[in-house]
Amino acid sequence: MAETDMDDLIEVIEKEDDLENLPQTLPMMPVRDVVVFPDMLLPLFVGRDKSIKAIEEASARGRYLFLSAQKDSALENPKADDIYRTGTVGKVQKMLKLPDGRVKALVQGIVKAHIVKYTKRRSFYEVKVEFLHEADGDLGIEDEALMRNVKENSSRLLALKGEFSQEAGDLLEHIDAPGKLADLVAANINLKVTDAQNLMEVADPAERLQKVNDLLAREIDLSAIQAKIQTNVKDEISKNQRDYYLREQVKAIHKELGEGDDKIAEIEEYKKKIKKAKMPQEAEDEALKQVRRLEQMHFDSSEASIVKTYLDCVVELPWNKSTKDFLDIKKSAELLENNHYGLSRVKERILEYLSVRLLNPKKKGQILCFVGPPGVGKTSLGQAIAKAMKRKFFRVSLGGIRDEAEIRGHRRTYIGAMPGRILQGLRQCKTNNPVFMLDEIDKLGNDFRGDPASGLLEALDPEQNSQFSDHYLNMPFDLSNVLFILTANISDTIPSALLDRMEVIHISGYTIEEKEQIARKHLLPRKLKENGLIRRSIHISPNAMQTIITEYTLEAGLRGLERNLDKICRKIARQIAEGKKGKFSITRQNLSTYLGPPKFMPELDQEESQVGLATGLAWTEAGGEHLYIEVALYPGKGELTVTGQVGDVMQESARAAYTYAKTNIEKLGIDEKLMENNDVHIHVPAGAIPKDGPSAGVAMAVAMISAFTGKPVDHRVGMTGEISLRGRVMPVGGVKEKALGAVRAGLKTVLVPEKNNKDLSEMPKSVKKKLKFIKVKDLDQVVDLVFEQDTNK
């Protein structure tokens, strides 16, 4: 027999079952996702073996069975504890076996019942039940009012859902028992199983009807909101249909004008990108304005190309994209320690910055400026900060930039206009909070095209850069999340207004011991990898490494050392490529085979103490260096000549030294006639190199006094400091760099101004072991210390 529609199988039974003749022991079938109420007509698809056997058993016994809901509908084989004990006795009105083995049944609820005990559990559940009858009583005014309210709300709910009919209204009106009304309404509103089961278990009809009334009111509110949403959706659909029709008309017009779908697609793509960028409202309005302008242009025109380039820039800027900061101070300290040897003050300042960011992420960032000689690791420190914070890193070299437009962008009136270097960098990073390094800030230039340093003022000022204005973009862009790090070799050439906005951190050169550690831990492993060598194939002895540092390089940084190590690795790589095997040992004895003869012999520059020759200490962009001051006397009229491309400051130091010597002839033991009848020539060797600065006054005075008195100056003593006409020794800068230069020059004693005592406290311990520092406050004290005969006493 072919399967027919269930509605064709239903025969409505008008008569009521005789409740007194209902059996109390019945097959029981657990149902899922539904609670069956009395008088409820429910189609069921039965597929579980136990349930099929229960419904077949019910058909054999008079078609009665007990229906109860499962507590967890996901259970395939529920136990007795998984089934509610209160349910409904139902009658199978129709039953049809389907081809797939399932059973389709139409069941009608008759009366509530409660499970007394389970009498059978194996092949199917059989239970003994106790019927829960509801006594008929007189209705009070409150009960009638409640029933009327439930009926009205039921009609209203059906109307909201569009399901109200005259038959449904008549059915509600003819029910006069509160229990029956509660069960009918509960069976026809969308209740959760737990809520429906709680209603089922309420014995008092009036109480049950009150709960149904509460649930019905909530359902009405939900249905009203749902109806409102559907109305809004319908209105939106109507608007969308109208817009679609108009857009199709616009497409047809563009097609007639010879403009294809590509233009329309590109316009729509720009609009999507603008929305996706989540830019500020002002920027979004400007971008959409440019899109509307583009719509009116021919796509092949030059103006359209300019607008498209501008829009590409606007939508690709990271208006609202940022990377999440990783601020683990201990791990950041380990990272800095592993990547950089020494530089304790610099690393301490970086960790302080990260700690503040951890405690107060909204604090406006301080602009850091690393100042130091080339090759000391300024750029790599910036990369380490980015790595520690897990931010993106971008570097811009400002050396030689003379055009302000490089910083603030070109105005769009120019052909080939583009944004400035800062926005270009952010566009490439695709995040608005990178670590942004501005390299060589001290080498900015300026000409008729503007002053780039002035253009940087707004970008580097924490109080202003949240509204940074680029000429090309022509709208504010927030740079407050960017961590700017600047680098310079010297701070003197940085404009004062720009320098005022930064925190300058000086990075001095490395000691010989620090260079050796860095070479072992970082430089040599990197060069081995770059040249395809393995670690165990090469060994450089400690003496050989120190020789490379002292005799083949003369620098504050590490670049020369790195080049020499690279040269050694290249020569070994060639030998291996030619077939030579074994381990290669580099010693002091065979070092010249790889690097040639030594280039610097600092200990041999001045083997003996000489008259009229003093060793000064100077600070340069490449770090500290020793500087020889030579003084010679020849017959004349007491005139002073200074040569060696010295600047105005050193010229003045020479005159001050000469004046001091003249005014202290007797104290210094100088022959007055010798001074009157001889001219003085001061020369600073390496005459092709310009030299200037306030550090050579003491050395010039000592060399001049030595020439007049004939006393040789101890060649192992270096000195720094400016002098006054009265012989006071004035403080100078760069003491640490000069001390490192003294170590490289092989000096043993260094005279420093007394007021530079604070610099000595920060001197590395390895330098203090190699140098004896003597603090001096006037030239009288210096004269007692530098002349050899006094030193040997």
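1. Three helices each supply at least two residues of the lining of the largest cavity: α18 (512-530), α26 (735-744) and α28 (765-770). The model is a predicted one.

2. What lines this cavity? The residues are Y510, T511, I512, E513, K515, I549, L740, V743, R744, S766 and V767. By class, the lining holds six nonpolar, two polar and three charged residues.

3. How much space lies in the largest cavity? About 60 Å³.

4. On the surface, a nonpolar patch is formed by I225, I229, V233 and I237. Together these residues have about 350 Å² of accessible area.

5. Is I237 buried, exposed or partly exposed? Its relative accessibility is 43%, so I237 counts as partly exposed. The partly exposed class lies between the buried limit, under 20%, and the exposed limit, over 50%.

6. S491 lies in a loop. The loop runs between β12 (483-488) and α17 (496-499). S491 has a relative accessible area of 18%. Buried means under 20%, so S491 is buried.

7. How far apart are S491 and F370? In sequence, 121 residues separate S491 and F370. In space, the C-alpha to C-alpha distance is 9.5 Å.

Terms used:
Residues are numbered from 1 along each chain as its sequence is written. This is a predicted model: local features need pLDDT of at least 70, side-chain atom pairs count only at pLDDT 80 or more; totals for chains, interfaces and linings use all residues. Side-chain values use heavy atoms; hydrogens and water are left out. Patches are made of residues with over 30% relative accessible area and no salt bridge: like charges are joined within 9 Å, nonpolar side chains (Val, Leu, Ile, Met, Phe, Trp, Tyr) within 5 Å. Accessible areas come from the Shrake-Rupley method with a 1.4 Å probe; for residues, only the protein chains shown count as cover. A salt bridge is a side-chain nitrogen of Lys or Arg within 4 Å of a carboxyl oxygen of Asp or Glu. Buried means under 20% relative accessible area, exposed over 50%, partly exposed in between (1.4 Å probe, protein chains only). On a 1 Å grid over the protein atoms alone, a cavity is a set of points where a 1.4 Å probe fits but cannot get out, and a pocket is an open set with protein on both sides within 12 Å along at least five of seven lines; lining residues have an atom within 4 Å of a point. Grid points are joined across faces, edges and corners, and a volume is the space filled by probe spheres set on the points. Helices (H or I, at least four residues) and strands (E, at least two) are DSSP runs, numbered from the N terminus. Ala, Val, Leu, Ile, Met, Phe, Trp, Tyr, Cys and Pro count as nonpolar, Asp, Glu, Lys and Arg as charged, and the others, Gly among them, as polar.
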